[in-house]
Amino acid sequence: MAIGRRDLLKLGGAAVFASGASSAFAAAPAPSRRIIDVHMHAYPAATAFENPIVNPITGARSPIRNGAEHMEACIAEMKRWNVVKGVVSGGDGDRLKAATDWVDRDPTRFLAGAGVRGSDDTPLPPLDTLRKAFADGRIKVLGEVTSQYAGLTLGDAKYDPYLALAEAFDIPVALHTGSMPGGTTFDPCCRTARARLGNPEYVEEALNKHPKLRLNLMHAGWPYLQETISILMVYPNVNVDTGAMAWLLPRPAFHDILGQLVKAGFGKRVMFGSDHMFWPDAIGLSVQAIETAPFLTEEQKQDIFFNNAATFYKIAA
Ligand SMILES: [Zn+2]
């Protein structure tokens with residue numbers, strides 16, 4: 001199966017924020033520090049990939065041919081960069097199984113997230129399925145929740161029982177916020193998706209209805225960065241991640257965003273996430289994007305790469 005735009009959209013990721021070449025992927029030394037990647041995606045083992053997979057930023061080719069090989073390539077890339085933990089959610093097909101397959105492959109490395117949407121195209125899984133998975137510890141995160149692609153906000157009544165369940169089980173929620181790939185609303189999957197629904201301020205009603213929720217604003221709500229900061233100010237139970245923008249945006253643009261968050265005082269609320277999607281090498285590109293940020297201290301890098309996620313996701317150090 002060729003991977004068309006529709007398949008890319010099904011990731012729920014925010015693929016291709018930026019077009020054009022990104023400059024200066026300066027080599028950074030492989031860090032000795034440990035890293036947690038809070039924004040990873042898995043595909044069913046039998047899903048056929050376009051071959052070769054070509055990285056849209058670097059043009060690098062990967063020989064992986066299917067979901068199973070993609071998983072192995074991602075694990076190899078994680079080992080290379082000392083990414084010791086990953087929060088992974090399914091991006092296609094049986095999304096819950098795609099994620100738990102990665103946990104079965106390497107139980108100490110992965111936490112499974114429930115990738116859910118709530119559209120006609122991709123309906124929410126039965127509540128009982130998630131209740132059992134949370135109770136069993138098979139799934140430890142509710143997310144990536146791609147409500148924006150369904151034309152909804154997290155405050156929609158449809159998500160309420162799921163948020164109540166997450167709150168009851170102390171399961172963190174990871175929500176897609178910010179933007180979507182060009183053309184998303186014209187795709188049959190997502191005709192009700194709207195740009196404005198990526199604004200993080202739409203999470204406020206859900207946060208007040210479920211005050212014990214821990215919420216990760218994936219992609220840090222960019223380009224609604226001021227609104228992200230406004231939510232971070234008011235809600236101490238909210239963090240953000242660097243997914244997709246760390247490697248898809250031109251590096252100066254990403255550094256500007258990261259710098260604004262850190263300079264505003266939220267260096268302990270930003271978590272490293274790659275959102276590598278089909279491209280395992282995007283994990284390393286994302287690591288380098290943080291490593292090369294000239295304004296970060298070593299302590300801030302350690303927080304972003306590991307400590308903040310360990311606290312938020314309650315991962316033992
Ligand atoms: Zn996303």
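Reader: Does Ala 220 count as buried or exposed?

Author: In this predicted model, Ala 220 is placed in the loop between β8 and α7. A residue is buried if 20 or more other C-beta atoms lie within 10 Å of its own. Ala 220 has 32 C-beta neighbours inside 10 Å, and therefore it counts as buried.

Reader: What is the phi of Ala 220, about?

Author: Ala 220 is not a glycine, yet its phi is positive. The value is about 55°.

Reader: Is Ala 244 buried or exposed?

Author: Ala 244 is found in the loop between β9 and α8. Its phi is positive, about 70°, although Ala 244 is not a glycine. Because Ala 244 has 32 C-beta neighbours inside 10 Å, it counts as buried.

Reader: Which residues does Ala 246 touch, not counting those up to four places away in sequence?

Author: Ala 246 is part of helix α8 (residues 245–248). With 30 C-beta neighbours inside 10 Å, Ala 246 is therefore classed as buried. Not counting residues up to four places away in sequence, the residues that Ala 246 touches are Phe 254, Ser 274, Ser 286, Ala 289 and Ile 290.

Reader: How far apart in space are Ala 246 and Gly 273?

Author: In sequence, 27 residues separate Ala 246 from Gly 273. From C-alpha to C-alpha, the separation in space is 8.0 Å.

Reader: How many of the residues of α10 are buried?

Author: Among the buried residues of helix α10 are Ser 286, Ala 289 and Ile 290, each of which is also touched by Ala 246. The helix is largely enclosed by the rest of the structure, because the buried residues number 10 of the 11.

Reader: Are α2 and α10 roughly parallel or antiparallel to each other?

Author: The axes of helix α2 (residues 67–80) and helix α10 (residues 281–291) come within 8 Å and cross at roughly 25°. Angles under 35 degrees count as roughly parallel. The two helices, α2 and α10, are therefore roughly parallel.

Reader: Which residues make the contact of α2 with α10?

Author: By class, this contact has 3 nonpolar, 1 polar and 3 charged residues. Helix α10 contributes Asp 281, Ile 283 and Gly 284. From α2 come Cys 74, Glu 77, Met 78 and Arg 80.

Reader: With which residues is Ala 60 in contact, leaving aside its neighbours within four places in sequence?

Author: Ala 60 is found in the loop between β2 (53–54) and β3 (61–62). With 16 other C-beta atoms within 10 Å, Ala 60 is partly exposed. Its C-alpha atom is separated by 9.3 Å from that of Trp 279, 219 residues apart along the chain. Leaving aside neighbours within four places in sequence, the contacts of Ala 60 are Asn 55 and Asp 281.

Reader: Which are the edge strands of the sheet?

Author: The open sheet has 8 strands with parallel pairing, in the order β1-β4-β5-β6-β7-β8-β9-β10. An edge strand here pairs on one side only. The edge strands are β1 and β10.

Reader: Which residue in β4 is the bridge partner of Asp 37?

Author: Strand β1 (residues 35–42) is largely enclosed by the rest of the structure, because 8 of its 8 residues are buried. Over 6 bridges, β1 pairs with strand β4 (residues 83–90) in the parallel sense. The bridge partner of Asp 37 in β4 is Gly 86.

Reader: Which residue in β10 stands opposite Val 240?

Author: Strand β9 (residues 238–241) and β10 run parallel and are joined by 2 bridges. Opposite Val 240 stands Val 270.

Reader: What radius of gyration does the protein chain have?

Author: The secondary structure of the protein chain comes to 11 helices and 10 strands. Along its principal axes the C-alpha trace spans about 45 × 45 × 40 Å. A compact globule with 317 residues would have a radius of gyration near 20 Å, which agrees with the value for the protein chain, 18 Å.

Technical notes. Residues numbered from 1 in each chain as written. Predicted model: local features only at pLDDT ≥ 70, side-chain atom pairs only at ≥ 80, totals over all residues. Axes fitted to C-alpha atoms, helices over the stretch in contact; angles between N-to-C directions. Helix = DSSP H or I, 4+ residues; strand = E, 2+ residues; numbered from the N terminus. Parallel < 35°, antiparallel > 145°, perpendicular 65-115°, else oblique. Contact = placed C-beta atoms within 7 Å. Nonpolar A, V, L, I, M, F, W, Y, C, P; charged D, E, K, R; others polar. Buried ≥ 20, exposed ≤ 12 C-beta atoms within 10 Å, placed from the backbone. Pairing = 2+ DSSP bridges. Rg over C-alpha atoms; globule rule 2.2 N^0.38 Å.
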